[in-house]
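Please look over the sequence and the model first.

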Amino acid sequence: FFFLSCVVMWRSLVFALSMSPLLSAPRPAAVRPASVRPASVPPAVRGGVQRPALGLGLNKRSSSLGGSFRRSVATTSPPSASEAFFTPEEQNVLKQEHIELSGLQGKALRIQEQDWPKMHEVYANIPKECWEKDDVKSMAYAVISTALTVGTGLLAYLYIPLQASYWPAWLAYAIVNGTFATGCWVIAHECGHNAFSNNKTLQDTVGYVLHSALLVPYFSWQRSHAVHHARTNHLSLGETHVPYVRGDNPEHINKGGAKLKVRDFMMSLGPIGNIFYGVARCVTHLVFGWPAYLLWGATGGPVRGKTNHFNPWAGVQEKDALFPGKWKKMVLFSDIGCVATFAALVAWGLSVGSVWPPLALYAAPLVFTNCWLVLYTWLQHTDVDIPHYAKDTWVWAKGAFSTVDRPYGAILDFLHHRIGSTHVAHHVSHEIPHYNAVKATEALKETYPKLYLYDPTNIWVALWRVCTKCTAVERRTDSKMVEKDMYVFVN
């Protein structure tokens, strides 16, 4: 009954929204004038005190939300999986150099210095309407994700007995509800990127409430994520999933130390060691990765030290501080929302005389929400043939186009607002609303076929490859196949 109720509620919402004249008809919105397009240097790195303008690029197949869901399987035309960018002879050379290829077939390794465009050149090739924001559409997507999350929680509360013998049902609920709640996370993410609404009060209110409800410090994350966008795949100034570096190690690049020795030892054990290492890395990243990043900056930028999203004075200060100047007050304001949510959970447990209702109905789904978050961010910029760059060679285009779109399927694209399937457009301009990002993606594919990355590999296969093979990069100055400014994963 619980699962039938979930399906019926979900399909009813989709049908109702598809029939709604408010959502079926295009709504006029002011076109973003060229004079206020994002500057060539993101606000996150201009002086370090402005509130960044960020965004999440995702979906605009149809002006109808229901139609968008029904036709979300094939809104883009990815390149053929069989397309090869290295000849068989060159692939043999890559193997000898211990460089492997993903479903990208080494496309990112073939990009040369003259291929990289300037930011203003890229923006000029994206239709202006992609920056249009529609408050009704944005709020509708927020309502859908919130209704699915709260609705499944109410169904579980009413129909699943809180008994140990029902643990399979509670596990299923945690997976379903955590997957739905990821949609709320993505909407708040879009608010933090200035892609939700031109009404800043509405935008920050929605983002602050949704992120606080998921124990995410809204403004703290907004700042750190702005840095991630400003320095994507930068080995010292990047933020989140910054890999270890072997060999040539310029200042402020993480060498990995003992962790790399453990990895090398496990790999020396053969297939069994590889399996154990992959499983351990998958669990530690997906389950513990997000709280570890919030609390001590795990996989964050090496130049910033051990940061903390709840304590703006943790980590390196001065010019490399993650939360400089006025951002410290914004971090403390974010803490209030998280403390309020935690206090509400404690009060709930005290009122019912048990810790189990909050754990079963809230905490367990939150674990799966965090797993989805880490999975998306990890796979968006990491694979065996996606390069990283040091500070002497990194430029904006290298970071933006070192992003890869992947096939998450119609259901996840609908529930998670295309966070993973149109992420290249999102990194090119994070102020594009998710419902306009398919159009932006098509423009990028047409204009920059050499740069746009799409990997058709099944996401679970890709995840296993990343878990087992993407630990440390190395600058291959002696490589015959790879540009000498690229740091690549070596196995």
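This is a predicted model: local features need pLDDT of at least 70, side-chain atom pairs count only at pLDDT 80 or more; totals for chains, interfaces and linings use all residues.

Thr-299 is partly exposed, with a relative accessible area of 32%. Thr-299 lies in the loop that joins α11 to α12 (327–352). Its phi is near 65°, which is positive although the residue is not a glycine. Most residues other than glycine have a negative phi.

A second residue can be set beside it. His-241 also has a positive phi without being glycine, with a value near 55°. The loop that holds His-241 runs between α9 and β1 (244–246). Is His-241 buried or exposed? With a relative accessible area of 17%, His-241 is buried, because the limit for a buried residue is under 20%. Thr-299, at 32%, is partly exposed.

The protein chain contains 18 helices and three strands. It has 491 residues, and 57% of them are buried. Among contacts with a separation of 6 or more, 75% are between residues 24 or more positions apart.

Helix α11 covers residues 271–296, which is 26 residues. A straight helix at 1.5 Å a residue would reach 38 Å, yet the end C-alpha atoms of α11 are only 33 Å apart. Where does α11 bend? The bend is at Phe-288 and amounts to about 60°, with a proline, Pro-291, following within four residues. After the helix comes Gly-297, whose phi is positive and near 70°.

Buried residues of α11 include Gly-273, Tyr-277, Arg-281, His-285 and Trp-290. Ala-292, Tyr-293 and Leu-294 are also among the buried residues of α11. The buried residues of this helix pack against α7 (167–192), α9 (218–230), α10 (258–268), α13 (356–381) and α18 (459–469).

One of these partners, α10, can be followed in detail. The axes of α10 and α11 are 6 Å apart, and the two helices pack at an angle of about 140°. The two helices are therefore oblique to each other, since only angles over 145 degrees count as roughly antiparallel. On the α10 side, the contact is made by Arg-263, Met-266 and Met-267. On the α11 side, Gly-273, Asn-274, Phe-276 and Tyr-277 take part. By type, the residues of this contact comprise four nonpolar, two polar and one charged.

Terms used:
Residues are numbered from 1 along each chain as its sequence is written. Side-chain values use heavy atoms; hydrogens and water are left out. The expected span of a helix is 1.5 Å times one less than its number of residues. The bend at a residue is the angle between axes fitted to the seven residues ending there and the seven starting there. Buried means under 20% relative accessible area, exposed over 50%, partly exposed in between (1.4 Å probe, protein chains only). Contact means heavy atoms within 4.5 Å. Axes are lines fitted to C-alpha atoms, for helices over the stretch in contact, and angles run from 0 to 180 degrees between N-to-C directions. Angles under 35 degrees count as roughly parallel, over 145 as roughly antiparallel, 65 to 115 as roughly perpendicular and the rest as oblique. Ala, Val, Leu, Ile, Met, Phe, Trp, Tyr, Cys and Pro count as nonpolar, Asp, Glu, Lys and Arg as charged, and the others, Gly among them, as polar.
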